[in-house]
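Subject: Model for your files

Hello,

Please find the model below. My notes on it follow.

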Amino acid sequence: MAPMIVFWIAVGVISAAVAGLILRRAARAAAGGGDADSTLPLYQRQLSEIEDLAERGLIAADERRSAHAEAARRLLSAADSAGPAWTISATSRPVLVGLAIVAPVAALGLYLAFGSPGYSDRPYAQRLDQWRAAPPTQLDAPQMAAVLRSVTAERPGDPEPFRFLAIAEMASGDAPAAARALREALRLAPDRADLWESLGEALMVAAEGEVTPQAAAAFQRALEQDPTATTARFHLARALIEAGEVEAGLTQWRALLADLPASDPRRPVLQAAIADVAAGPRPPAAPAAGAVGAPEIAAMVEGLAARLAAEPDDPEGWVRLVRSYSVLGDTARRDAALTQAKARYADNPQILRELAQAAEAEPMR
Amino acid sequence: MIVEIGAFALILSLVLSVLQTGASALARLRRGPVLAAVGEGAAIAAFFTLAVSFAALIYAFVVSDFSVANVAANSHSAKPLLYRVGGAWGSHEGSMLMWCLALTGFGALLAGYGRGLTAGLKAVAVATQGALGIAFLAYTVFASNPFWRLTDPPVEGRSLNPLLQDPALILHPPFLYVGYVGLSVVFSLAIAALVEGRADAAWARWVRPWTLAAWSGLTIGITLGAFWAYYELGWGGWWFWDPVENASFMPWLIATALLHSAVVTERRGALPGWTIFLALGGYTFSMLGAFLVRSGVLTSVHAFAVDPTRGVLLLTILGVTAGLGFALFAWRAPAMARGGMFAPISRESALVLNNILLAAATATVLLGTLYPLIREAIAGEAISVGPPYFNLTFTPLMFILLLLLPAGPLLAWKRADAGAALQRLWVAALLAAVAAVATLALAEPRSLFGAAGLALGVWLIVGSATEVAERIRLFRAPRGEVLRRLGGLPRGTWGMTLAHAGLGVFVLGAVFETTWKAETAEVLALGQRLDVAGYVVVLENVAPVRGPNYEAEQATLRAFAPNGTLACMARPERRLYSAGGQTTSEVAICTRGLSHLYVVLGERRTGADGEPVWLVTGYWNPWALLIFLGPGLMALGGVVSLSDRRLRLAAGRRATPALPAGPEPTPKPVGEPA
C-alpha cells in the first residue's frame, strides 16, 4: 500500500508546486504594473554606449556621428511603432486559481485514462530477491538462470553454481551464456570431463548443431580427462561424418556402441543413427541431430501437456502444444489438444486463429 | 511508484504546454500582462515537470525496471551504469522525451529570460513555443510513451545496441538536441515577428544568442557523431555523407547562414524577411532531421529505430508546423519594413553572398539526401547518393565561400573598399601560396587538390588572424595601444575569429587526411607484420578479455615508427556482446603528433597451417586530429561569442580606410560562416 501513498503524495506536491509557480508569476505581474515597451531602453543603451566609446577615443568623430544618427533613427522608429502599452486588465483571482488548478486535474484525468495507475516499480534487484526467496520449482528457466547468476557472483570460487547456471541458461535457450558459465566452471575445475563435455555441447548448440573447432577442442579435452565420455565421442564422430570421412566416423560410432552397456537408453538412438548413415547418401547431419534431439523434444512436449492438464488456463501454452504436435507429426494428439483448446477459448477469436495456424505447422519430416 | 510519477509528470507537462499556448495567445489578444505571466509560468512548470519525468525514466534504466517496456527493449542488468543512464536516450521513446525536455527547457528560458523582448513579441513567441511543445509531447504521450508498462516483465532486457554503448554517443544526442531544438526558439521568435509585423534590430538581437547556442550545440553534436563514427565503426573514415549525417548538417548550414544574416538585420536593420525565412527554415530542417532519423525511412547505419506509423506522425508534425510557419511568412513578410541600404561592395553584401552560398549548399545536401528516397518511392529502385555527388556540388560551393571568407570581416558596413581589404590580406595570401608550393614540392604523392586545400586552410587561419591584427593595429601602433585595443576587443570578435580559424584548422585536417591517408590490410598470424605508411605493426599476441557485458579478443600489436623506434602498443579488440549477439570492433588509435595510426582487428580465421590468423587493417590518417579540433574551436568560438552579453548595437563604423581603423566597438556578431 505504501507505494501508492508515495505516488499520491508526489502527485500532490508536483501539482501544488506547478500551481504555486503559475500563481506567483501572475501575482508578480499584477503587482508589477504593465511592462512598457522594453525595446526603447535597448536603443537608449546603445546610444549611451556609442557616446561612451567616443569619449574613450575608440571611434572616430564622423563614425560616431553616423552611428549616433542611425541608432537615434531606430530609437524614434521603435517609439513610433510601439503600440499602446499593455495594461493590467482585471483577470479575476478565481479565474487564475482555476487555471492553475485545472492543469493538474486534467493531467490526472488523462493519466488515469491512459497510464498504468497503481503499477509499482519493479527494480531488477528486488525481483531477483523475490526469485531467490521463492521455491526453485516455481521459477522458469530464465528466472532460475538469473538467481544462479547472482549465486555465482557470491561464490566465484565454486564451480557447481556455474554448472547449474549453464543448465539453466541452456534451458532458457541461451547457449552462448551457458558456454560462458561453463568456461568459468572449468577455470575452477579444469579436470572435469563432464564440464568439458557440456561446454562442447553448449558451443555446438550455439553454432546451430555444427561441431565448431572450439566445440571439438572441448570434446577432446573431455576425452583426455575421461576416455569413455559418451557424448564427446558421439559428436566427434558425427563431426567426422559431416566432414565427409563417413567410414572413420562410422567406425568410431560402432566402437562407441560396443562400449555402451546393453541397458543404456542411448543405444537405440545410436543404432538408428548408424543404420541411417550406413544406408546411404542422405545428408547425415539431419538424422543424427534428429535421432539425438527427438526424444528430448518429445519429453518437453509431454511436460507441456502435463502442465496444461494441471493448469489449463494458459492460451500461449495450448498454442505451443498444438504446434509441437503438428511439428512432431502426431496428428491424433494434435487434434485432441486442438479440440480441447478450441472449446476452452471459443469466445476468443485471436486465440482460435493462432490455434488454427499452429495446427497447420509443417511436420519435421 | 517512481515510474508512474514520471508518467503522470509527462502528461502534466503536455497539459501545461496547452495552458502555456492558450494563456499566452489570449494575453496577446487582450493585451493582458497577468495572462502572459500565466503563460510564462506554465512554460517554466512544463519544463520542471518534464525534468521530473526524465529523471524517473533514468531511474527506471538505472535500476533495470524491465516492467517498463522501453527499458526492457533497450537495457540489460549487466550493462555498466553509464550506459544504463545513456540508455534513457538511446531508444526512440527516450530520445523523443529528451527532445521534449529540450523543447520545454528552451521554452522556460524564453519565458524566464526574455525580458528585453516587447510584451507582444514575447507572448506570441511563448505561445508558439508551447504549440511546438504540444505537438511533440502529444506524440510522446500517445504514440511513443517511454513509460508504457509490461504486465509480464521479462527476466532480462534486450540491451542497447552495443555500437551505441560508447561515451561519445552518450553525449552526442544531448548536444545535438540542444542544437536541433534550440532552433525552435528562433522559429517561435520568427512567428512572433511575423504576427507583430516587426523584425527590427532589437528582434534580431534576440535571435542571435539562441541561434548561437543552437549552432554551438549542433557543432559539438555533429563533431561527436563524426568522432564516434571514426573510432567506433572501424572504417577509418569520419564522414560518409550518410543521410542521417546530412540530416544534422542541414540545420547546421541554415543556422550558420542565420547567424550571419541576423548580424545584418541587427546592425543595419536590413534583410528582415530573409532572416525570418532562415529562422523558420532552421527548425524545419531540425524536424526533417528528426523525421529522417526517427522514422526509419532511411536504411543506414544510423537507422536504428524503424517504425512507419510513428514516421507518418512525425511527418505530419513537420508538415503542419512548417506549413503554417511558411504560410504565415507568405502572408505577412511582404508587408515588413525594409531596412538600411548598402552598396554592392560592403559588409552587408559579403554576408548576403555568404548566405546565398550557404543556402545553395544546403539545397545540394537536401537534394542528395532526399533524391534517393523519392526515387525509391516512385521508381521502386534503391540508389545511393554518395561522396562523388557531394564532391562535385557541395565542395566547389564551399571552396568559393571559404576563399572569400577572410575578406568579409575586413569590409566596412554600408560601403567598403574591396581593394583595401584585399591589400590587408597580403600576408595571408603569401603564406597560403608558400603552403601550396611547399606541399606540391614535398608531399608524396603529389596532389593539386591537396595543395589547394592546404593553401585554403592557411588562408583561412591567417586571414582570420589578420582581422584581429588589423583591429589592434599590430605592428603599427605603440605596444601600449595595441594591448589596450586587444583588451578592448569584444568577445564577439574573439568568437568570430576562433570560429573562422577553427574552420581553417578543419580544412587543413580534412584535406590532408583525405588526400594522403594510407591503408593496408593483411591476414596476420602471431609474430607477423603489416606495413602502413612507413610504420611497421607486429601482431604480438591475441588474448581473450572480458568486459562487464561482453567478451572480446584483444590483440596486442607493437607499432614501430619509420625511424625504427617503438611508436606505441596498439590494443584493438573484437567484442561479442552476448545480450544481443552483436559483434563490434574496438579500434586502437595511436596519436602521433596530429596524425593517427589506426588499427582494426578482424575476425579470427584458421590459416593454411591450422594456426589461427587475424585480418588486421592499419590506416595512417595524417592530421586526423585537426578534423575534430577545428570544429571544437568553432564551437568554442560560439560559446565565447555567447558570453558577450553586452547589448551593443552601433551602426556605421570605420568609414574609410584613411581613418584610424578603430577597434570595432560592437560585438561583431558571431560566428562562423563556413
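Two residues are taken to be in contact if their C-beta atoms, placed from the backbone, lie within 7 Å. This is a predicted model, in which local features need pLDDT of at least 70 and side-chain atom pairs count only at pLDDT 80 or more, while totals for chains, interfaces and linings use all residues. Residues are numbered from 1 along each chain as its sequence is written, and chains are lettered from A and ligands numbered from 1 in the order in which they are written.

Chain A

Chain A has 17 helices and 0 strands; helices (H or I, at least four residues) and strands (E, at least two) are DSSP runs, numbered from the N terminus. Of its 365 residues, 32% are buried. Buried means that 20 or more other C-beta atoms lie within 10 Å of the residue's own, exposed that 12 or fewer do, and partly exposed covers what is in between. For contacts in chain A between residues at least 6 apart in sequence, 46% join residues at least 24 apart.

Cores

A nonpolar core is a set of buried Ala, Val, Leu, Ile, Met, Phe, Trp, Tyr and Cys residues joined through C-beta atoms within 7 Å. The largest has 218 residues, and B:Val186 and B:Leu189 touch the most other members. Leaving out residues up to four places away in sequence, B:Leu189 touches B:Ala125, B:Trp203, B:Trp206, B:Val207 and B:Ala279. A second, separate core of 42 residues includes A:Leu148, A:Ala181, A:Leu182 and A:Trp196.

B:Trp252

B:Trp252 is in helix α9 (residues 243-268) of chain B. This residue is buried, with 30 other C-beta atoms within 10 Å. Beyond residues up to four places away in sequence, B:Trp252 touches B:Leu218, B:Thr219 and B:Ile222. B:Trp252 and B:Ser286 are 34 residues apart in sequence, and their C-alpha atoms are 8.9 Å apart.

A helix pair in chain B

The axes of α16 (residues 448-472) and α18 (residues 491-516) of chain B come within 8 Å and cross at roughly 165 degrees. Axes are lines fitted to C-alpha atoms, for helices over the stretch in contact, and angles run from 0 to 180 degrees between N-to-C directions. α16(B) and α18(B) are therefore roughly antiparallel (angles under 35 degrees count as roughly parallel, over 145 as roughly antiparallel, 65 to 115 as roughly perpendicular and the rest as oblique). Residues making the contact include B:Gly450, B:Gly453 and B:Gly457 of α16(B) and B:Ala501, B:Gly504 and B:Leu508 of α18(B).

The sheet in chain B

In chain B, 4 strands form an open sheet in the order β1-β10-β9-β8, with antiparallel pairing; two strands pair if DSSP finds at least two bridges between them. The edge strands are β1 and β8 (588-592), each pairing on one side only. The twist averages 15 degrees from one strand to the next.

Strand β10 (residues 612-621) of chain B has 8 of its 10 residues buried, so β10(B) is largely enclosed by the rest of the structure. Strand β1 (residues 518-524) of chain B pairs with β10(B) over 7 bridges, and B:Glu519 stands opposite B:Tyr619. Strand β9 (residues 595-606) of chain B pairs with β10(B) over 9 bridges, with B:Arg604 opposite B:Trp614. Their hairpin has 5 residues between the strands, and B:Gly610 there takes a positive phi near 85 degrees. β8(B) and β9(B) pair over 5 bridges; B:Arg592 has B:Ser595 of β9(B) as its bridge partner.

Regards
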